2 protein chains.
Amino acid sequence: VTAAAAPVVDRSRAENLDRADPLARFRERFVFADPDVIYLCGNSLGPPSRAGVAAIDGAIAAWSRRLVDGWEDWLDLPSRIGDRMAGPLLGARRGEVIVSDSTSVNLYKLAAAALGAAAPRSVIVADASDFPTDRYVLAALPAALRLISDGGTAAPTAASVAAVLDADVALVCLSHIGYLSGAVADMAAITAVVHDAGALMLWDLSHSVGCYPIDLESAGVDLAVGCTYKYLSAGPGAPALLYVRSEQQRRLRQPIWGWFGQRDQFAMGPDYDPWPDVRQFLVGTPPVLALAGIGGSIDVVAEAGIGAIRAKALALGELAMDLYRAWLPGLGFRLGSPLEGPARGSHVGLRHGDAQRIHRELGAAGRIVTDFRFPDTIRMGLAPLTTRFVDVWDALAALRQLSY
Amino acid sequence: VTAAAAPVVDRSRAENLDRADPLARFRERFVFADPDVIYLCGNSLGPPSRAGVAAIDGAIAAWSRRLVDGWEDWLDLPSRIGDRMAGPLLGARRGEVIVSDSTSVNLYKLAAAALGAAAPRSVIVADASDFPTDRYVLAALPAALRLISDGGTAAPTAASVAAVLDADVALVCLSHIGYLSGAVADMAAITAVVHDAGALMLWDLSHSVGCYPIDLESAGVDLAVGCTYKYLSAGPGAPALLYVRSEQQRRLRQPIWGWFGQRDQFAMGPDYDPWPDVRQFLVGTPPVLALAGIGGSIDVVAEAGIGAIRAKALALGELAMDLYRAWLPGLGFRLGSPLEGPARGSHVGLRHGDAQRIHRELGAAGRIVTDFRFPDTIRMGLAPLTTRFVDVWDALAALRQLSY
């Protein structure tokens with residue numbers, strides 16, 4: 001416990017950072033039943049935003065008032081919410097994003113569509129350390145799955161991806177930010193090598209949307225999916241975003257032909273004749289209350305601004321890394337994330353042989369909420385709109401106390 | 001307008017029926033912003049139930065209070081809500097029903113799974129007049145679609161289905177109650193002829209669940225899907241039910257392999273190893289707020305009791321048919337539904353050359369909400385928990401006034 005005796009900073013450093021934080025006031029825009037909770041799981045489940053809750057309440061009131069006629073406003077919600085997300089959060093154009101179904105279902109639709117258009121190419125490249133649902137969904141498709149594995153805390157790179165590309169590859173599917181490590185992949189560079197090999201690129205934005213600047217347009221990305229209940233605070237199990245670059249919308253055909261994908265939906269004609277745009281990727285009736293809530297929450301994120309959000313993420317991460325280095329390596333911790341700020345998103349993985357106990361005691365004693373990922377990782381999300389610098393200080397100090 | 005001059009009943013008949021109605025008090029359990037609205041679209045979008053709204057509010061409060069730890073309660077919501085629906089509403093056993101994803105996505109999963117297990121059989125039988133999403137979803141599968149077409153207002157029968165069955169048929173997919181006609185198919189008889197031909201039977205319960213007694217167990221049904229936002233008042237776009245008979249759960253494998261289908265979900269292992277039960281049909285993260293709301297609403301339906309609900313549906317339908325026959329055929333109306341009560345569910349289609357105008361004027365003048373289905377059908381849902389007998393009288397009287 002020698003390292004513990006020599007803190008390089010005093011808690012006042014964190015307090016000063018909070019006082020100078022232009023985003024500090026945003027924590028008030030979210031509903032924490034316990035206002036003092038140190039919530040370091042916004043990367044897993046964002047807390048409710050006041051605007052989101054108000055929007056859900058508003059949608060319930062509209063349901064009660066307009067009843068079935070509410071559909072006059074609701075029918076195009078997946079596109080309207082998608083368009084509101086497109087510019088400020090994704091660097092996408094209008095008409096390229098919808099929100100409906102789960103991330104898993106959206107990934108299935110896009111990957112199957114890409115595969116269908118790529119014949120005779122029949123290989124999908126993915127990352128062996130990617131989030132389970134991504135790997136499982138891809139494994140079910142009629143394709144050979146070629147897994148890259150950089151292992152450890154590194155994100156896939158243009159070089160590691162290029163090394164497995166050949167003329168059989170139809171699609172490369174990777175996470176922009178690793179769910180466990182928080183490592184950021186170079187979206188533009190990887191997309192470029194994938195295109196050079198004649199394949200399509202699908203990014204999972206679940207751990208970057210709302211916390212990291214994304215420019216799908218300039219990176220030339222073909223396809224993307226992403227979760228809305230993490231940094232976008234849309235609520236547990238809220239529907240996911242789906243992006244299809246304009247140029248790919250007519251070329252691809254997704255496999256689940258539902259009535260919301262139908263161009264002239266209420267003619268209810270005999271044959272499926274899909275929208276010639278991103279709406280062909282809709283399937284069933286969209287979840288109105290959840291979509292309303294997402295609209296409220298993304299406005300809060302857009303108001304804060306993704307540039308300011310990323311700047312605070314870097315500052316929170318810097319404090320966490322300084323404290324980690326000062327206190328934790330001597331106590332059995334290893335870093336499960338890149339050390340350097342630019343290589344890391346808004347969450348940090350800390351590995352420890354006794355991680356499960358430490359995680360549990362963090363939650364029990366100090367109302368410090370983190371998550372544990374088997375076998376040895378404590379994951380701490382430093383969601384910029386709801387995390388205070390003192391939260392980082394207090395959480396790392398608690399880790400230090402609980403490690404023996 | 002001769003027919004209009006000779007009403008066979010007085011409005012007091014309807015008033016007396018309301019006074020004697022054991023379910024009359026249930027209308028108060030639902031939230032109508034305008035308490036006087038005559039709402040005849042509960043078959044399309046049920047109104048909010050007070051219990052459902054309270055359950056959604058409760059889920060938002062839990063999200064704010066428990067944050068990510070809420071998942072301790074939420075992870076198995078699709079099965080818990082499914083089990084609450086199974087006995088009272090579906091005649092299914094525990095562990096046979098989940099609620100998640102849309103009806104369309106669930107239909108895709110089940111039909112693809114049935115097809116996958118049936119090789120070399122590769123024909124799907126469906127009804128040419130079924131709801132569009134059913135036909136479109138099936139048309140996308142790698143199977144030949146064989147459409148039966150009884151036309152008009154008749155439901156498919158054991159004979160009409162048997163006539164197209166042979167050793168190539170893998171699956172028969174039909175609606176229990178027709179979305180347009182309200183005609184009831186004989187579930188047990190049709191399922192029996194399908195099994196005799198060695199095929200599997202998938203029922204779409206969207207227009208029967210919550211308004212009509214269903215006994216999947218005794219009818220020997222293999223697979224079913226159904227909508228929760230009609231008679232179950234779960235909210236616009238709420239997730240759908242999915243039923244797989246116990247005996248089929250290990251035999252079938254659905255095509256969208258998401259992390260909620262994985263047996264040891266949080267081990268996040270390298271390979272997809274699905275639950276050996278109905279949970280393999282889950283895909284992505286379930287929509288918690290909507291599921292909570294469904295729980296509230298189905299309790300209201302279960303409390304009323306499906307037997308009492310069906311009895312009132314028959315009485316409402318009898319009044320509607322008496323008024324129809326007395327007033328409307330001479331005004332250009334034709335019945336788009338079976339005339340006899342036992343052959344009809346809880347909604348009625350009335351066809352008229354000027355249906356679109358009449359539908360619009362019904363809504364504008366008298367706050368009488370119905371829906372219009374291209375080209376000529378006014379569909380009136382007589383949802384038993386929220387429709388008064390005087391609503392039927394007033395709606396038919398208004399139809400008579402507006403038809404010229």
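Tutor: Start with D204(B), whose side chain makes a polar contact with the side chain of S206(B), at 2.6 Å. A polar contact is a pair of N or O atoms within 3.5 Å; within protein, one must be able to donate a hydrogen and the other to accept it, and residues adjacent in sequence count only if both atoms are side-chain atoms. This is a predicted model: local features need pLDDT of at least 70, side-chain atom pairs count only at pLDDT 80 or more, and totals for chains, interfaces and linings use all residues. Residues are numbered from 1 along each chain as its sequence is written, chains are lettered from A and ligands numbered from 1 in the order in which they are written, and side-chain values use heavy atoms, with hydrogens and water left out.

Now place D204(B) in the fold. Strand β6 of chain B, residues 200–204, holds D204(B). Helices (H or I, at least four residues) and strands (E, at least two) are DSSP runs, numbered from the N terminus. Is D204(B) buried or exposed? D204(B) is buried, because its relative accessible area is 3%. Buried means under 20% relative accessible area, exposed over 50%, and partly exposed in between (1.4 Å probe, protein chains only). Leaving aside neighbours within four places in sequence, D204(B) is in contact with T103(B), D134(B), L174(B), S175(B), H176(B), V225(B) and G226(B). Contact means heavy atoms within 4.5 Å. L145(B) lies 59 residues from D204(B) in sequence, and their C-alpha atoms are 17 Å apart.

Stay in chain B for a second residue. R357(B) sits in helix α12, residues 355–366. R357(B) is buried, at 12% relative accessible area. Not counting residues up to four places away in sequence, R357(B) touches L402(B), S403(B) and Y404(B). The C-alpha atoms of R357(B) and L402(B) are 8.9 Å apart, across 45 residues of chain.

Next, chain A. A170(A) belongs to strand β5, residues 169–175. A170(A) is buried, with a relative accessible area of 2%. Its contacts, beyond neighbours within four places in sequence, include L115(A), V123(A) and A199(A). Helix α10 of chain A, residues 288–304, has 17 residues and reaches 25 Å from first C-alpha to last, close to the expected 24 Å. The expected span is 1.5 Å times one less than the number of residues. Of those 17 residues, 13 are buried, so α10(A) is largely enclosed by the rest of the structure. Just after α10(A), G305(A) takes a positive phi of about 95°.

Finally, the two chains together. Chain B and chain A bury about 5300 Å² between them, 71% of it on carbon and sulfur atoms. Buried area is the accessible area (1.4 Å probe) that two parts lose on being put together, summed over both. In chain B, W63(B), Y136(B) and P236(B) lose the most area to chain A, together 15% of what that side buries. Each chain gives 66 residues to the contact.
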